[in-house]
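Trainee: I am new to this structure and would like a close look at a single part. Could you walk me through the buried charged side chains and how they pair up?

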Amino acid sequence: MRENTSKLLKMLFVLAVFTAATAVQGAGFALYEFSARGNAMGGSVMANDAEPASIAMNPALITELDGTQLQLGATAVLPRATTTINGMSRDLEDQSFILPNLYFTHKLSDRFTFGFGAFSRFGLAGKYQDYSSWAYAAGEAYKVSLTSYSFAPVLAFKATDELSLSAGLEVMYLDFSESLLFSPLGMGNPEISGKGWSLGGNVGLLYKPDWADKWALGVTYKSQMSQDLNGSVSGNGGPLPSGDARGKVTLPDSITAGISYRPTSKLVLEGGITGTFWTKYDAIVIDYKNLPVTVADQKNYTDAARFNIGGEYKLDNNWAVRAGYVYDGSPINPNHMDTIVPVDDRNIFSVGAGYNTGVWGLDASYSYLAGSDLSGVTNSGAPIKYTNGASHFIGLSFKYAFNTK
């Protein structure tokens, strides 16, 4: 017993060193709403019970799934926030956005499992009310949309009874548009848009030691995505010329780790951390194809960390209840603020429930995000402040197992 406790302490120490190294300080516009179960547990699903949606969190977990399984779902997001520039405030319009997801897994053999996932890993959208009279916001965006879809085939391998590994590709489609405010009533307000594809990858690990059978460790690394966008600039009589353009933006890589503990057969708890290297998202650069003009929108984000805890309690063979909490640190640089992501650090509180027959299952979740205020300056030196940042998340997932043991 004493030997096992010593080994467990060593395992926890290794994770602590790992997380300290990755927590170089991710909110920004990264998304983590991959399944209703994951939402309800605050993303604390790196090292406990597997589901097809594990492809998006820790693909090594899918070695735990038998047969052929399908999962589909969506999360509705209802955000709100206020941005103040030079003392003049504007609220985001009331809008809702849907984040869909789809997952498929198939056990090829006792050791190999194939999976495929389609989900959104980055995204933001919003439009400000009464923007045409927002005189002090000249040069800032009054409307923005960034939508990404990731298509992720993965192969997971059960190396031993204790260790599973995974490796996969990620093909990401990105659609970006932005409307800038320069004059009232839309006269002279440029619009920038672009679309493109990028290729990245991920690796995962699941360690379930025999010497500490109530504990498990999960780790995942997701590569950066370098996006080359093709689009256009519509000057609309403003300071930017109209024409075809190319855009370039780098979306950051990240490392996530989680440790789960199962004190009883009905209860599982997990805590984890995500380090996102937002310093690679330093600017959005736009080059005109037929003009010697380059536009660079400086971001200068800092690296950020996201901490989560969550748990699940099984009431019986079918029903389970869940809860979670997330502290999501913001990467926004106070010296380079803009109107695009008007919220700082975030506290997210989640609850949910699930019903599973062993063949099919249904999960639901609700999360409330409370954003911290932030004051700073824009790239042009104007004083700017974020307030009233908050969002509601409502998630629903359906699972079906076609042929399990």
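Mentor: Let's start with Asp 363, which is buried, with a relative accessible area of 3%; buried here means under 20% relative accessible area, exposed means over 50%, and partly exposed lies in between, all with a 1.4 Å probe and protein chains only. Keep in mind that this is a predicted model, where local features need pLDDT of at least 70 and side-chain atom pairs count only at pLDDT 80 or more, while totals for chains, interfaces and linings use all residues. Residues are numbered from 1 along each chain as its sequence is written, and side-chain values use heavy atoms, with hydrogens and water left out.

Asp 363 has a partner: its side chain meets that of Arg 322 in a salt bridge, 3.0 Å from N to O. The term stands for a side-chain nitrogen of Lys or Arg within 4 Å of a carboxyl oxygen of Asp or Glu. Arg 322 sits in strand β17 (residues 319–328) and Asp 363 in strand β19 (residues 360–371), so the pair ties together parts 41 residues apart in sequence. Strands are DSSP runs of E with at least two residues, helices are runs of H or I with at least four, and both are numbered from the N terminus. Arg 322 is buried as well, at 9% relative accessibility.

Salt bridges that share partners join Arg 37, Glu 51, Glu 312, Arg 322, Asp 363 and Lys 399 into one network.

One of the links is between Glu 312 and Arg 37, whose closest N and O atoms are 3.1 Å apart. This pair connects distant parts of the chain, with Glu 312 in strand β16 (residues 304–314) and Arg 37 in helix α2 (residues 36–40), 275 residues apart. Glu 312 counts as buried at 4% relative accessibility, and Arg 37 is buried too, with a relative accessible area of 3%.

Another link joins Lys 399 to Glu 51, with the closest N and O atoms 2.9 Å apart. Here Lys 399 belongs to strand β21, while Glu 51 is in the loop between α2 and α3 (54–57), and the two are 348 residues apart. Lys 399 is buried, with a relative accessible area of 11%, and Glu 51 is buried at 4%.

As background, side chains of opposite charge can pair when their charged atoms come close.
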